[in-house]
Amino acid sequence: MIKNYFRTAWRNLLRNKIYSSINLLGLAIGLTVCMLIILFVEHESSYDSFHKDANRIFWIQGKVKMGDDSIFLPKMSYATASLVKQADPSVESFTRLMYDFKKPVIQNVQSASLKFIDEKFLFADSNFFNFFSFKLLDGNSRQVLKNPFTVVVSQGAALKFFGKENPVGKIIRYNNAYNFTVTGVAENAPSNSSINYDFIASLSSIAAIDDYKPMLQSQTVQLGGFSTYFLLKTPASASRLQKTLMQLSQNA
């Protein structure tokens with residue numbers, strides 16, 4: 001019986017070739033689009049899930065009331081992280097990032113021609129590679145960002161600025177004014193990462209960079225220029241963290 005169904009269907013296909021081809025093409029396109037949508041949704045929902053402690057990491061935002069509307073801003077003051085850590089025992093650790101919004105010029109000091117504007121230059125606390133699960137290919141995760149004016153380069157940036165040479169120990173020039181020593185090489189950030197980088201420089205460096213010194217002055221919990229992440233002892237502590245932030249911001 002089933003063979004007869006297939007035989008009949010095949011004869012109909014051969015009898016109406018143009019009509020059948022259009023139907024089959026439409027079916028193929030429909031299935032392809034469905035698969036692409038499924039892959040896209042799966043990729044989007046996997047963002048930052050590769051971090052070992054993803055369920056305990058929280059990125060905080062500040063809320064600003066404007067009439068009947070609220071605007072959420074993703075950056076806080078430099079002091080916010082340490083003040084919250086002191087006030088809330090549910091916080092295990094924190095890390096801060098600052099993206100260089102001025103798109104700095106980066107140069108390999110050994111080659112004047114290797115000079116580019118880089119949009120993925122960021123500054124990070126020294127525990128960056130222990131807090132997150134980005135992989136270091138060269139360098140000690142506890143040491144690479146320990147000192148001012150040290151920097152870790154991504155694989156892509158290493159190839160772009162240093163070719164096949166080992167970049168560790170080499171010097172890059174930042175905005176024609178500051179020298180950073182390369183202390184490590186990291187894998188390129190995964191495509192499902194909300195944090196993207198070419199260079200991760202030590203956050204302690206900004207105390208000596210004139211453009212950014214004023215960003216360290218705030219001593220209260222308020223909006224600022226630093227993406228602030230907390231690692232909580234348990235995911236259930238998120239509501240407690242929110243209350244702590246509210247209390248500290250109201251007392252600012």
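R240 counts as partly exposed because its relative accessibility is 44%. The cut-offs behind that label are simple: buried means under 20% relative accessible area, exposed over 50%, and partly exposed in between (1.4 Å probe, protein chains only). This is a predicted model, in which local features need pLDDT of at least 70, side-chain atom pairs count only at pLDDT 80 or more, and totals for chains, interfaces and linings use all residues. Residues are numbered from 1 along each chain as its sequence is written, and side-chain values use heavy atoms, with hydrogens and water left out.

R240 has a partner. Its side chain meets that of D88 in a salt bridge, at 3.4 Å from N to O. A salt bridge here is a side-chain nitrogen of Lys or Arg within 4 Å of a carboxyl oxygen of Asp or Glu. The pair links distant parts of the chain, 152 residues apart. D88 sits in the loop between α3 (80–87) and β4 (91–99), while R240 belongs to helix α6 (residues 238–250). Helices (H or I, at least four residues) and strands (E, at least two) are DSSP runs, numbered from the N terminus. Is D88 buried or exposed? D88 is buried, because its relative accessible area is 0%.

Side chains of opposite charge can pair when their charged atoms come close. The structure holds seven salt bridges. One of them joins E119 to K103, with the closest N and O atoms 3.6 Å apart. This pair also links distant parts of the chain, 16 residues apart. E119 is in the loop between β6 (115–117) and β7 (121–124), and K103 is in the loop between β4 and β5. E119 is exposed, with a relative accessible area of 56%. K103 counts as partly exposed at 43%.

K213 and D210 form another salt bridge, at 3.4 Å from N to O. K213 is partly exposed, at 39% relative accessibility. D210 is exposed, at 52%. Which residues are linked in a network of salt bridges? They are D53, R56 and E92.

Now the whole chain. The protein chain has six helices and 13 strands. Of its 252 residues, 35% are buried. Contact means heavy atoms within 4.5 Å. Among contacts with a separation of 6 or more, 73% are between residues 24 or more positions apart. The accessible surface comes to about 14,800 Å², and carbon and sulfur atoms account for 57% of it. Accessible areas come from the Shrake-Rupley method with a 1.4 Å probe; for residues, only the protein chains shown count as cover.

pLDDT is the predictor's confidence in each residue, from 0 to 100. The chain averages 86, and 88% of the residues score at least 70. Helix α1 (residues 2–15) has the lowest mean pLDDT among the elements, at 62. Strand β9 (residues 150–154) has the highest, at 97.

Two buried residues deserve a look. S205 lies in the loop between β12 (199–202) and β13 (227–232). It counts as buried because its relative accessibility is 0%. Leaving out residues up to four places away in sequence, S205 touches F123, P148, F149, T150 and F180. N108 lies in strand β5 (residues 105–108). N108 is buried too, at 5% relative accessibility. Beyond four places in sequence, N108 is in contact with L114, F161, F162 and I171. The side chain of N108 also reaches the backbone nitrogen of Q110 at 2.9 Å. That is a polar contact (a pair of N or O atoms within 3.5 Å; within protein, one must be able to donate a hydrogen and the other to accept it, and residues adjacent in sequence count only if both atoms are side-chain atoms).

Next, L73. L73 is in strand β3 (residues 69–73). It counts as partly exposed, at 35% relative accessibility. The C-alpha atoms of L73 and K63 are 6.3 Å apart, although the two residues are separated by 10 residues along the chain. L73 touches Q61, G62, V64 and L223, not counting residues up to four places away in sequence.

Last, the surface. L25, I29, V33, I37, F40 and V41 form a nonpolar patch there, with about 570 Å² of accessible area together. Patches are made of residues with over 30% relative accessible area and no salt bridge; like charges are joined within 9 Å, and nonpolar side chains (Val, Leu, Ile, Met, Phe, Trp, Tyr) within 5 Å. I37 lies in helix α2 (residues 17–45). I37 is partly exposed, with a relative accessible area of 49%.
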